[in-house]
Amino acid sequence: MEQKHLVTVWKLGNNINTDLLYPSKYLYESQEPAVLASHVLEPIYPDFQRMITPGDFVVAGENFGCGSSREQAVTALKYAGCGGIIAKSYSRIFFRNCIAHGISAIVCPEAVDAVEEGDKICVDGENGKIYVGDQVYTFSGFGDYVGSILKSGGLIPFLHKRMKNC
Amino acid sequence: MGKTFAEKILAKNSGKPDVKPGDFLMIRPDVLLTDEASARVSEIFQEIGAKELPCPENIGIVLDHCSPACSQTQATSHDTVRKFLHNHKVGAFFDVGMGISHQLLAENGMIGPGKIVVGSDSHTITNSAFGAFCAGISRTEMAGLYATGEIWMMVPGSIRINFSGKLPDYASAKDVALCILGILGEAGATYKSVEYHNAGCFSMDERRILCNALAEAGAKSAFIAPDAVTDAWLKQYTGKADYSAILPDEDACYDRVIELDLSLVTPEVAVPHSPANAVPIEDLGEKIPVNQCFVGTCTGGRLSDIATAARVMQGKHVAPFVRMIIGPVSKNVLEEAMELGYIKTLLDAGAVLIPPGCGPCAGVHQGVLAPGEVCVSSGIRNYKGRMGSVDAKIYVASAETVACSALTGYITDPRELRKEG
């Protein structure tokens with residue numbers, strides 16, 4: 001079997017709101033990627049940016065990203081090096097922010113239940129598979145239109161291509 | 001089989017004869033609502049390569065979260081918005097101090113029954129109270145809308161909440177809303193359109209509390225049928241009540257139906273750190289001292305909330321070492337409250353007036369909390385660290401509960417002060 005690219009899991013619970021992901025007090029201050037990365041998950045994981053290795057995955061329970069619509073909740077994770085997210089379910093605006101920024105917000109409750117913090121997993125986005133030890137879990141795609149946005153790397157490159165083709 | 005409000009309004013806009021929950025549609029919203037996010041929206045609009053706004057008259061921009069700016073970064077962001085507006089005319093622009101977006105775009109008539117409204121703010125759902133489909137979206141998506149006028153959307157399933165009975169005079173729409181959040185939980189309405197039925201007893205102020213709070217249960221949008229109460233408000237504030245209402249069919253299919261007897265509602269408080277942690281106030285147990293009381297926000301900063309606070313505090317004074325902050329939801333509401341004497345009453349009672357806007361709700365300014373402090377607010381969000389220190393605590397409650405608490409210095413059941421007369 002070919003070598004799989006393994007990433008570490010950072011496990012969060014249910015109802016992780018966007019004030020925890022990116023506190024209000026920083027929302028209207030510097031938007032530099034390094035600043036956003038430094039404050040991600042600060043109320044519950046003050047050193048998250050230093051702990052995470054680029055490419056690691058955040059794995060969360062139900063209703064991930066609930067509350068305010070701030071897109072910094074997604075971009076701060078991205079700039080901190082988060083390679084992707086697997087959750088049991090998402091709050092809808094957070095999900096939309098993930099797609100808009102080219103992040104596949106994967107839904108796979110079985111994989112979430114199967115992993116513990118620090119576990120190594122492999123995520124095969126192309127084929128919709130998550131490898132946890134010797135178990136394989138599958139997840140659904142995003143549909144044609146949303147899938148195209150993700151394939152383009154997010155809404156900005158997707159629309160930029162459309163504008164050029166007009 | 002009949003159709004829900006969401007199915008009907010989205011079908012009509014998309015041009016499809018018939019839709020069902022889960023269907024993927026491209027929608028052209030009637031109103032695009034943005035706040036300070038418009039600074040980044042305008043930059044992305046240019047990054048995409050867009051030059052002209054296809055539907056500028058649909059766009060409303062309000063600077064309300066940092067109002068006025070309290071840092072150079074915020075001021076620069078506002079400057080970006082104003083520079084964009086020098087080159088692009090839009091439907092409405094409200095600069096700092098005018099009020100909160102959801103209030104202003106209803107007062108100016110942009111938002112009304114039968115419209116589809118999207119906003120780069122999670123409380124966009126508030127104006128569903130007018131019988132409009134109102135959904136929060138991402139600010140990058142808002143830039144896409146500025147450039148193209150269209151956005152993808154899935155048709156939501158619907159939840160129906162039927163009201164019956166009469167609300168006791170010591171309870172309020174905010175207590176009803178907290179009760180509903182307690183029933184639904186933080187994800188109980190995720191992706192759903194929530195329809196309130198038999199809501200005719202509520203004023204427009206109250207209907208907006210009921211819809212606003214549903215953001216905290218994950219709802220996509222909400223609905224209250226427009227009626228004579230809606231028409232009277234629209235005529236008073238916008239000069240007219242011309243619209244084509246879209247109404248759900250009586251035999252529409254719902255994912256869940258909730259019956260709520262209003263006569264059983266009592267004062268409620270959502271305890272830290274979730275809006276869905278709603279409990280009857282008598283279940284709080286021990287006395288909870290407060291440091292800051294706040295009547296304001298897009299949830300609870302309307303004329304009726306200020307009127308209630310004034311009634312409670314008339315001739316009395318804020319407790320020692322307690323701040324009572326009043327944040328009117330708009331300049332119109334402030335002016336009406338001044339004419340009716342409420343502001344003088346509250347100032348005489350020791351309250352602090354802040355400019356119309358979001359105020360301290362988002363922990364940016366005008367009442368940030370220190371470690372260990374406790375705030376009781378007529379807003380809706382009480383997440384950990386939301387209003388300042390992660391070691392502060394926020395309770396959300398009705399305007400009456402907040403005002404009573406300001407007088408006593410601890411979270412107080414309105415029935416206690418009503419007994420005293």
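**View 1. A pair within helix α11 of chain B.** K331(B) and E335(B) sit 4 residues apart in helix α11 (residues 331-339) of chain B, so about one helical turn separates them. Their side chains meet in a salt bridge, 3.2 Å from N to O; the term stands for a side-chain nitrogen of Lys or Arg within 4 Å of a carboxyl oxygen of Asp or Glu. K331(B) is partly exposed at 37% relative accessible area, and E335(B) is partly exposed at 35%. Here buried means under 20% relative accessible area, exposed over 50%, and partly exposed in between, using a 1.4 Å probe and protein chains only. Helices (H or I, at least four residues) and strands (E, at least two) are DSSP runs, numbered from the N terminus.

A note for all views: this is a predicted model, where local features need pLDDT of at least 70 and side-chain atom pairs count only at pLDDT 80 or more, while totals for chains, interfaces and linings use all residues. Residues are numbered from 1 along each chain as its sequence is written, chains are lettered from A and ligands numbered from 1 in the order in which they are written, and side-chain values use heavy atoms, with hydrogens and water left out.

**View 2. E282(B) meets R415(B).** This salt bridge comes in at 2.9 Å, N to O. E282(B) belongs to the loop between β13 (278-280) and β14 (292-295) of chain B, and R415(B) to helix α14 (residues 414-420), so the pair ties together parts 133 residues apart in sequence. E282(B) is partly exposed at 46%, and R415(B) is partly exposed at 23%.

**View 3. D113(A) and K88(A) in chain A.** The closest N and O atoms of this salt bridge are 2.8 Å apart. D113(A) is in helix α6 (residues 109-114), whereas K88(A) is in the loop between β3 (84-87) and α5 (92-100), 25 residues away. D113(A) is exposed, at 53% relative accessible area, but K88(A) is partly exposed at 23%.

**View 4. A network in chain B.** D169(B), R311(B), E400(B) and R418(B) are linked by salt bridges. Over all chains, the rule gives 28 salt bridges.

**View 5. Where chain B touches chain A.** R162(A) and E150(B) form a salt bridge, with their closest N and O atoms 3.4 Å apart. In total, 47 residues of chain B contact 37 residues of chain A, contact meaning heavy atoms within 4.5 Å.
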